[in-house]
Amino acid sequence: MALALGFAAASSLFLPHNFTRFPKISTSSSSRGRCRVRHVSTVICFASDPQQLKQARQDLNDLIKTTRCNPLLIRVGWHDAGTYDKNIQEWPKRGGANGSLHFEIELSHKANAGLVNALKLLRPIKDKYPNITYADLFQLASATAIEEAGGPVIPMKYGRLDAPKPEDCPPEGKLPDAGPPSPAAHLRDVFYRMGLTDKEIVALSGAHTLGRSRPERSGWGKPETKYTKDGPGAPGGQSWTVEWLKFDNSYFKEIKEQRDQDLLVLPTDAVLFEDPGFKVYAEKYAVDQDAFLKDYAEAHAKLSNLGAKFDPVDGFSIADAPQTPIPEKFVAAKYSYGASEDKA
């Protein structure tokens, strides 16, 4: 897959780590770039500028409303974080949410097919706000996309450092496959490696309530269905749910019933209602949307932090009492544009 986006590593934006905290006499409180000066105390530097993150979040809201690219943005955050290996201590070799997905070598992995479109959408925002890291931008985009689709507010924190060079990218094969010979064992192999539980595996699977699978990219799904033939975005693909830009518990209802041949059911979907360890949660989420939304928000936040190295070390929040947005009524034909979305 060729990529010529001209992205540059963001590590040059950072102050050296030994300058993260140092004594500073001051009689006032101010903000200087990404360093906050406190009264007669310390200068605290951030991997990303908090104000630029807030502004980028608003730009992401606008981007999502005009392009309906929620599934694509969710996937870019997941795939950046989902390479984490809890058995490797060294950063950034352990993978995870470190922004390495913007390097061509990782973007060209088979599991990342189509994500070049996500980076094309995010590039203008990254250029506009140079003092935020790729790692933070990818996770901000993913959480914002969930919330804009009517999903829960994700308790996010920021300050992730970027992997500095392409050699830091994880090897191919770290992400889950849709149709392995033993779906339950495969899901556990991949997600247990990240330190996630059966409950979190099932909750995160519920994000497939958004998006479509395209056979030309993943090898799964129909070329087109009555739910996807008019877009939004480039028409085609097969969705897991009827209203595939609305975040709710429809995925679990549809997977359980399997009554609509135009809706996708992968082996890794069906196993959620077959494996005893998964089934208890899948059954619960099919009838209790509030439980699903609560557990999903917690699991998404945990995923977004996997493998990340934060500056400041505890990260920081940009939340200002956000409220769950009310999703716009889904009318596919209203949102037709040239870019394409993928499964979440």
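**Close-up 1. R68 sits in the loop between α1 (50–67) and α2 (70–81)**. Helices here are DSSP runs of H or I with at least four residues, strands are runs of E with at least two, and both are numbered from the N terminus. This is a predicted model, where local features need pLDDT of at least 70 and side-chain atom pairs count only at pLDDT 80 or more, while totals for chains, interfaces and linings use all residues. Residues are numbered from 1 along each chain as its sequence is written, and side-chain values use heavy atoms, with hydrogens and water left out. Look at the backbone of R68: phi is near 55°, a positive value in a residue other than glycine. Most residues other than glycine have a negative phi, and most peptide bonds are trans. R68 counts as buried, at 7% relative accessibility. Buried means under 20% relative accessible area, exposed means over 50%, and partly exposed is in between (1.4 Å probe, protein chains only).

**Close-up 2. Q258 is in the loop between α9 (250–257) and α10 (267–270)**. Here's another positive phi, about 50°, and again Q258 is not a glycine. With a relative accessible area of 43%, Q258 is partly exposed.

**Close-up 3. G231 and P232 are joined by a cis peptide bond**. Omega is about 10° for this bond. To find P232, go to the loop between α8 (215–218) and β6 (238–239).

**Close-up 4. D311 and P312 are also linked by a cis peptide bond**. In this case omega is about 5°. P312 turns up in the segment after α12 (289–305).
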